[in-house]
Protein chains: 2
Amino acid sequence: MFNLIEIDLLRHGKVDAPPALYGVTDAFVAAEENHKIVTKLSQFIDRSYDNSSTGHYDEIYTSPLTRCRSLAQLIGRQTKTEVKTLSTLQEMNFGLLDGVSFDELETVDLSAFPQVSQQKPWSLLEAFWQNPAQVNLPLAEPLIDFNRRIIQMWQQLLSQVVHQGVTCKNKQKKLLLVCHGGVIRMILAHILNLDWTNPSLYSTLAIANGSLTRIVISSLNSDNPLNSENLSLVESSSSASLHYQVKHIATPLIS
Amino acid sequence: MFNLIEIDLLRHGKVDAPPALYGVTDAFVAAEENHKIVTKLSQFIDRSYDNSSTGHYDEIYTSPLTRCRSLAQLIGRQTKTEVKTLSTLQEMNFGLLDGVSFDELETVDLSAFPQVSQQKPWSLLEAFWQNPAQVNLPLAEPLIDFNRRIIQMWQQLLSQVVHQGVTCKNKQKKLLLVCHGGVIRMILAHILNLDWTNPSLYSTLAIANGSLTRIVISSLNSDNPLNSENLSLVESSSSASLHYQVKHIATPLIS
């Protein structure tokens with residue numbers, strides 16, 4: 001059984017597409033950008049662990065969107081690690097405004113949506129970004145649904161990993177999740193017990209492209225490794241000998 | 001006037017002293033450890049800015065405690081930058097248990113303190129760490145006082161920097177604050193509008209020794225640089241054209 005599970009959350013690189021709010025709209029990242037992130041990630045791991053990063057991760061998960069999947073597959077190929085696509089790791093769906101380039105934003109017709117029909121698309125988007133829990137974008141995934149989806153994904157993933165530990169000789173498990181800014185914020189809010197409706201988490205906390213956030217779940221007592229029973233204790237924060245640690249947030253790998 | 005103020009919060013290195021809860025108790029960091037942090041900081045800045053880190057910071061502030069001051073002075077000497085000691089940057093005072101080595105913790109006499117006299121020192125310390133806003137240590141600075149001290153220090157420092165900007169030709173100002181884990185948490189809670197009584201901020205969010213947290217205050221509108229008037233807008237988060245960003249939290253410089 002594991003006594004330590006380390007989960008790295010890597011945000012995808014900057015997309016090679018017109019500036020826009022990209023949620024479920026697919027967009028590409030230039031191969032050069034992905035290669036740069038992989039090199040920097042490998043250097044970061046080497047610095048942290050004083051060893052080669054080949055095969056550092058036991059498992060790699062990715063959002064199905066190309067901007068994440070292309071990066072995850074590159075890491076997978078270089079480290080000979082299988083990459084699993086997890087549909088629930090996808091970014092929030094921003095609805096009608098999702099992927100519309102900022103230059104063309106004002107051409108979006110909001111007239112069919114009574115609640116926002118009086119607003120200009122640009123000011124609606126700004127209002128949303130200032131307070132995404134209160135402002136709903138037309139046809140978008142409500143923030144509360146996004147929150148529930150991510151927490152459920154997280155709990156299922158951990159539960160699955162802990163189950164693997166039952167038949168595994170290794171004491172440690174290292175996972176990489178290649179995903180999105182919104183997803184990383186929701187995971188952090190969950191683990192740190194923060195109010196996920198707090199606008200500052202979206203407008204003030206930056207999660208840069210290609211940045212790395214590290215979560216560690218550990219057992220402080222070697223007689224009490226991570227298992228299904230005490231996983232729920234970690235989640236409920238009621239056990240002193242097992243705990244979550246957020247080691248660092250949005251560590252920039254590329255400048 | 002400035003249109004960008006970048007503030008780096010650097011936590012001191014690991015102290016060369018028996019494991020204990022160090023607040024206002026002075027403790028040393030080995031010269032080798034400080035040199036390692038300075039080298040890694042310089043490399044980090046070079047990577048981020050593609051330039052030499054000499055003179056990167058316009059001003060360096062430090063907590064008066066030796067574990068911070070020795071590091072700040074080393075950075076100051078190497079970059080020929082004056083180091084200013086700020087007494088309000090000091091760590092929280094943990095009272096009777098401050099600096100008592102964990103090995104000797106059980107010898108502490110709590111009998112004179114009716115509210116905790118029934119507890120063992122070790123379990124009191126654990127209870128405190130799990131919930132520092134609810135559990136008061138004997139003779140310690142209450143967490144609410146510590147919170148007020150840090151917010152006041154932060155606002156005074158920003159106000160002072162913004163005033164300097166009035167007579168300064170530079171558009172950017174870069175500050176380094178060498179300080180403590182508790183101080184960095186309080187600044188983050190303030191900027192991100194988090195509940196500073198939330199136990200997870202203390203037990204789950206790690207701020208490693210020698211880690212770097214970066215805050216940026218910027219004007220999105222070049223016609224509206226940072227001045228005393230709109231500084232209060234940044235603080236009240238009511239201006240869309242001026243804002244705080246937390247760029248990264250606890251980026252590990254040394255492994």
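Visitor: Through which surface do the copies meet?
Guide: The copies meet through the same surface, because 100% of the interface residues of chain B are also interface residues in chain A. Contact here means heavy atoms within 4.5 Å.

Visitor: And what is this model, before I go on?
Guide: This is a predicted model, where local features need pLDDT of at least 70, side-chain atom pairs count only at pLDDT 80 or more, and totals for chains, interfaces and linings use all residues. Residues are numbered from 1 along each chain as its sequence is written, chains are lettered from A and ligands numbered from 1 in the order in which they are written, and side-chain values use heavy atoms, leaving out hydrogens and water.

Visitor: What rotation superposes chain B on chain A?
Guide: A rotation of 180 degrees, with 0.0 Å of shift along its axis and an RMSD of 0.0 Å. The two copies are thus related as by a two-fold rotation axis.

Visitor: Okay, the fold. How many helices and strands in chain A?
Guide: Seven helices and six strands, in the order β-α-β-α-β-α-α-β-α-α-β-α-β. Those are DSSP runs numbered from the N terminus, with helices being H or I of at least four residues and strands E of at least two.

Visitor: How much of chain A is buried?
Guide: Buried residues are 51% of its 255, with buried meaning under 20% relative accessible area, exposed over 50% and partly exposed in between (1.4 Å probe, protein chains only). Among contacts in chain A with a separation of 6 or more, 74% are between residues 24 or more positions apart.

Visitor: Switching to chain B: at what angle do helix 1 and helix 2 cross?
Guide: Roughly 50 degrees, and the axes of helix 1 (residues 31-49) and helix 2 (residues 66-79) of chain B come within 10 Å. Axes are lines fitted to C-alpha atoms, for helices over the stretch in contact, and angles run from 0 to 180 degrees between N-to-C directions.

Visitor: Which residues make that contact?
Guide: Among them are B:Ile37, B:Val38 and B:Leu41 from helix 1 of chain B, and B:Leu71, B:Leu74 and B:Ile75 from helix 2 of chain B.

How values were computed. Least-squares fit on C-alpha atoms with pLDDT ≥ 70 in both.
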